[in-house]
Amino acid sequence: MRVDEHGIRHSAGDPAAVVQHTTHVHVVLPAYNEAAALPRLLRRTAEVELDGRITVWVVDDGSSDGTGDCVAGVRGLDVRLVRHPENLGLGQAVQSGLRAVLAEAAPDHVLVVMDADDTHDPGVIPALLKEISAGADIVICSRFVDGGDDSTAPRWRRLLSRGATVVLRRALEVEGVQDFTSGFRAYRVSLLRRAAAHWGERLVEERGFACMVELLLKLRHCAPVVSEIPLKLRYDRKPTPSKLKLGRTLRQYLLLLTRDRLAPVPFRKL
């Protein structure tokens with residue numbers, strides 16, 4: 001047994017430990033004023049060994065610093081740009097990214113959502129694909145499993161993540177989830193397409209950081225298999241201040257929980 005640099009366990013001599021890249025990967029990067037971080041992240045993504053089976057979708061959410069211009073000139077990587085003429089918030093950036101991918105992707109493709117501020121390591125993507133190939137429908141990069149680490153994040157942000165996780169785990173029944181608020185996840189495109197067929201433009205309604213919890217809550221009605229792998233958050237690589245507002249995000253989580261309790265379950269199996 002060995003543990004790699006990302007905290008993933010592999011059995012010595014186990015053929016399953018070798019990731020087989022058998023499908024196309026679409027990476028969605030919601031970005032607002034990330035011109036300082038995005039070029040580095042795109043270069044490191046281009047270095048991931050995925051045999052050319054990767055498309056990156058940068059959603060420029062009304063940036064004023066030239067974020068959208070950073071996609072030009074990236075070598076060895078298929079990068080697409082989706083622009084919002086004005087800032088609509090993280091939730092709508094995620095929604096635009098999902099919509100763009102679903103319009104083009106095949107059902108057996110995989111969609112990965114990552115932060116564009118360079119705190120998430122694209123080198124973890126092969127481990128996400130391994131979990132998908134093993135049967136998972138959603139794979140969450142988790143700070144709260146063995147090997148996960150968020151010690152480089154500010155104390156107030158770590159407290160928010162842990163507090164939200166405690167509340168959400170008690171209030172919601174989503175098997176296999178410890179890190180509800182992680183923004184680094186992989187999804188089967190076929191799962192997202194089933195959910196989008198039901199909710200349409202309402203698949204992601206939250207504008208802020210609560211959108212990741214909202215998406216997970218809606219996808220749970222599709223009875224997905226969820227797994228988690230360790231996430232070593234690299235907040236020390238983040239070149240810009242955090243856009244997360246503590247009070248606003250707490251209110252969003254509470255309102256989301258209230259709406260989830262009051263909303264009827266889908267009338268038919270998704």
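Predicted model: local features only at pLDDT ≥ 70, side-chain atom pairs only at ≥ 80, totals over all residues.
The chain holds seven helices and nine strands. Of its 270 residues, 53% count as buried. Among contacts in the chain with a separation of 6 or more, 80% are between residues 24 or more positions apart. The accessible surface of the chain is about 12700 Å². Carbon and sulfur atoms account for 51% of that surface.

In soluble globular proteins, nonpolar side chains tend to be buried together. In this model, the largest nonpolar core has 44 residues. Leu 98, Leu 111, Ile 138, Tyr 187 and Leu 219 touch the most other members of this core. Several elements each supply at least two residues of the core. Among them are the strands E4 (54–61), E6 (110–113) and E7 (138–142). The helices H2 (90–102), H4 (155–171), H5 (189–199), H6 (211–219) and H7 also belong to this group. The largest share of the core comes from H6, with seven residues.

Another core lies apart from the largest one. This other core has 37 residues, including Ala 31, Ile 54, Val 58 and Leu 128.

Neighbours within four places in sequence are left aside here. Beyond them, Leu 219 is in contact with Ile 138, Tyr 187, Leu 191, Leu 192, Ala 195 and Pro 224.

Helix H3 spans residues 125–133. Seven of its nine residues are buried, so H3 is largely enclosed by the rest of the structure. The buried residues of H3 are Ile 125, Pro 126, Ala 127, Leu 128, Leu 129, Lys 130 and Ile 132. Leu 128 is also a member of the 37-residue core. After H3 comes Gly 135, whose phi is positive, near 125°.

The second largest pocket has a volume of about 380 Å³. Its lining consists of 17 residues. Trp 199, Arg 202, Lys 218, Asp 260 and Ala 263 are the closest of these to the pocket centre. H5, H6 and H7 each supply at least two residues of the lining.

Thr 249 is placed in helix H7 (residues 246–262). Its relative accessible area is 1%, so Thr 249 is buried. Phe 209 is 40 residues away from Thr 249 along the chain, yet their C-alpha atoms are separated by 6.5 Å. Pro 241, by contrast, sits in the loop between strand E9 (226–230) and H7. Pro 241 has a relative accessible area of 68% and is therefore exposed. The C-alpha atoms of Pro 241 and Asp 117 are separated by 9.8 Å. Along the chain, these two residues are 124 residues apart.

The cysteines were also examined. Cys 211 has a relative accessibility of 1% and therefore counts as buried. Cys 222 is buried too, with a relative accessible area of 5%. With a cut-off of 2.5 Å between cysteine sulfur atoms, the count of disulfides comes to zero.

Note on methods. Residues numbered from 1 in each chain as written. Heavy atoms only, no water. Helix = DSSP H or I, 4+ residues; strand = E, 2+ residues; numbered from the N terminus. Buried < 20%, exposed > 50% of the residue type's maximum accessible area, 1.4 Å probe, protein only. Contact = heavy atoms within 4.5 Å. Areas by Shrake-Rupley, 256 points an atom, 1.4 Å probe, with all protein chains shown as cover. Core = buried A, V, L, I, M, F, W, Y, C linked by side-chain atoms within 4.5 Å. 1 Å grid on protein atoms, 1.4 Å probe; cavity = no way out; pocket = protein on both sides within 12 Å on 5 of 7 lines; lining within 4 Å. Points joined across faces, edges and corners; volume = space filled by probe spheres on them.
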